[in-house]
Amino acid sequence: MPVCCRVNPARPSRGRAGIATSAEPRPAPGTYALVLSSSKDSLIKVGRLGWLRLQRGFYVYIGSALGPGGLYARIGHHRRRATRPRWHIDYLRQHTRLERVWYRYGGARYEHEWARAMRTLPGATTPLDGFGSSDCDCGSHLFFFENRPSLRALERLISAGAVRRARKYGRPAECSEEIRQVLPNEFAQGLK
Ligand SMILES: [Zn+2]
């Protein structure tokens, strides 16, 4: 497996006072996946896109944060439930719990590749066409799973994609940052 796809959870370290330091991402560009859970079945409105039938289970949303503030700012945004939803994910976030975030640093836009990989994970379905994918041809950047999806399964697919591309273009496999994970109790300012 290329080193680029190693799973390396960003474990919080403990300072002298025993207070965990944050595993939150730095304000650098990157790609991320939000793993959300729903404990109820209901129907929710996703702005102008339409209605989403919310089910008990897990949702994964794929995005990238390449602008100012990078992953730190964007994941900070998703950590809170938006009072004035702007993006599709803001509407879903209002009704779900943020379970964990997977992210990888890098200035290249990998969100579509991650979305394609996510779609092929066992049990993945796309609950609402066009969700988070208004400006690309992925079909959706939101996926539903009855059971919690595994980061290892995702990174295996991403790794395989990197190897395939390398073979196709006759060059060494890309070696970018590893995929990291941050859990709710590792957010410095908690979750809402
Ligand atoms: Zn896309």
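I count two residues as in contact if their C-beta atoms, placed from the backbone, lie within 7 Å. This is a predicted model, so I take local features only at pLDDT of at least 70 and side-chain atom pairs only at pLDDT 80 or more, while totals for chains, interfaces and linings use all residues. Residues are numbered from 1 along each chain as its sequence is written.

**Entry 1: S140**

I started with S140, which sits in the loop between α3 and β6. Helices (H or I, at least four residues) and strands (E, at least two) are DSSP runs, numbered from the N terminus. Is S140 buried or exposed? I call a residue buried if 20 or more other C-beta atoms lie within 10 Å of its own, exposed if 12 or fewer, and partly exposed in between, with C-beta atoms placed from the backbone. S140 has 22 other C-beta atoms within 10 Å, so it is buried. Skipping neighbours within four places in sequence, I found S140 in contact with T126, L128, D129, G130, F131, G132 and S133.

**Entry 2**

Next I looked up the strand order. It is an open sheet of five strands, β6-β4-β1-β5-β7, with antiparallel pairing; two strands pair if DSSP finds at least two bridges between them. β6 and β7 (180-182) are the edge strands, each pairing on one side only. From one strand to the next the twist averages 20 degrees. α3 packs on this sheet and touches β1, β4 and β6, and its direction makes about 160 degrees with that of β4. For such angles, axes are lines fitted to C-alpha atoms (for helices over the stretch in contact), and the angles run from 0 to 180 degrees between N-to-C directions.

**Entry 3: β1 and its partners**

How many residues of β1 (residues 30-38) are buried? Seven of the nine are, so the strand is largely enclosed by the rest of the structure. β1 pairs with β4 (residues 57-65) in the antiparallel sense over nine bridges, and there Y32 has G63 as its bridge partner. Eight bridges join β1 to β5 (residues 97-105), also antiparallel, and S37 is bridged to R97.

**Entry 4: α3**

In α3 (residues 111-119) I listed E111, W114, A115, A117 and M118 as the buried residues. Seen down the helix axis they fall within an arc of 165 degrees, so they line one face of α3; the arc is that of the directions from the axis to the C-beta atoms. Those buried residues pack against β1, β4, β6 (142-145) and α4 (151-169).

**Entry 5: the core**

A nonpolar core here is a set of buried Ala, Val, Leu, Ile, Met, Phe, Trp, Tyr and Cys residues joined through C-beta atoms within 7 Å. The largest one has 36 residues, of which Y32, A33, L34, Y59, V60 and Y61 touch the most other members. β4 gives the largest share, six residues. Away from its sequence neighbours within four places, Y32 is in contact with residues including G63, L71, I75 and V101.

**Entry 6: V182**

Last, I went to V182 in β7. V182 is buried, with 24 other C-beta atoms within 10 Å.
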